[in-house]
Amino acid sequence: MWVFLVHCNLRQFHRIFLCLYVLWPPMLSQKRNPDDGDGSADGDNPDDKRRKFCFMSVVRDAISLQSMQQLLEPVIRKVVREEVELALGKYITNVQRNDENDAKEIYSSGPRCFQLKFVTDISLPVFTGSRIEGRDSSNLMVALVDTLTGEVVGAGPQSSAKVEIVVLEGDFEGGGDNYTVEEFRNNIVREREGKKPLLTGETLVSLKDGIGLVGEISFTDNSSWTRSRRFRLGARITDDNDGTRILEAKTASFVVRDHRGELYKKHHPPTLQDEVWRLQKISKDGAYHKRLSQAKIETVQDFLTHLYVQPSRLRNILGPGMSTKMWEATIEHAQTCVLDKKIYVYKPHDLEQKSGVVFNVVGRVMGLLSDYH
């Protein structure tokens, strides 16, 4: 027990000592002093008295010690459990702090790893001869980021490096972002024999504070002749980086079509003045286009006007060859058209001029006019 008390902290030692102070005296008081008992009968042997007294003392001491152990055992167990939990908590905290310090040391002292990334996605579809742009007609943007923090590297020699834009095979996955320089180089697509360079324009980009805007670039050939029938754009550093590995960038794969296909592409959204074949499921000079032209439905505005004023007639003009699914797709596309804010009022001659029907530019009823309200 004294060994245990030595290993306890001062607070826990006081708790156990208090228990001993409270519990021990009553136990000792239960021992009877041989001089306090009644006088022995005359004629008793003194040796028998001593042996009897010693035996009874040993029994009482044993009983007292057992009682004290039963009373102290829960207290001691609780103290030991609290001490173990406290020591274990301190140990875990120290381990976590050491791990954090080790991670900081590795980050601060270890070699930094950089990666190029395309910040903007390519606007689709892509046609030969047309400028490659980002979404919302913005410039493509390339950034140099730190792979550990994900932040743009705005300082240092790499932040002003030269970047080359190249064409990659559409099926080049490269294990996500885990590929070698050799794998990247082997998946660069060159022009077909006798053709112009596959990618023309400003294919070299200068980073400024880790960010570069891609200038005007375009494809000279479609992607149908490649093994995947798709392309990717890639970006790689051309400067010497003193052995620092800068992972190349690559976009998602996409199809490049011939420029003549752009003449027939659909508009999203269409305009009121667009020819009606710009709508989904209506091909230029196709059967549906010819039927609509015969009915004097030449533009998207004509189509929408018939849709809101005479929908059943419009459906009959297109005929049963257009399925319900195709009909719904065409209507949905047409309704994305941005309308002007003109409002028209129809007032029948046989009614007071203060009443009428209000409709928009394509004949859709917007409300009723009653007493000029």
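Visitor: Is Cys337 buried or exposed?
Guide: Buried, at 8% relative accessibility. Buried means under 20% relative accessible area, exposed over 50%, partly exposed in between (1.4 Å probe, protein chains only). This is a predicted model: local features need pLDDT of at least 70, side-chain atom pairs pLDDT 80 or more, while totals for chains, interfaces and linings use all residues. Numbering starts from 1 along each chain as its sequence is written, and side-chain values use heavy atoms, without hydrogens and water.

Visitor: And what about Cys113?
Guide: Cys113 is partly exposed, at 33%.

Visitor: How many disulfides?
Guide: The count is zero, with a disulfide taken as a pair of cysteine sulfur atoms within 2.5 Å.

Visitor: New topic. Which residues lie nearest the centre of the second largest pocket?
Guide: Asp121, Ile122, Lys250, Thr251 and Ala252, out of 18 lining residues. A pocket here is an open set of points on a 1 Å grid over the protein atoms alone, where a 1.4 Å probe fits, with protein on both sides within 12 Å along at least five of seven lines; lining residues have an atom within 4 Å of a point.

Visitor: Which strand gives the largest share of that lining?
Guide: β1, with four residues. Strands are DSSP runs of E, at least two residues, numbered from the N terminus.

Visitor: Last one: how do β14 and β15 run?
Guide: Antiparallel, joined by four bridges. Pairing takes at least two DSSP bridges. Val357 partners Leu368 of β15. Five residues separate the strands in this hairpin, where Gly363 has a positive phi near 85°.
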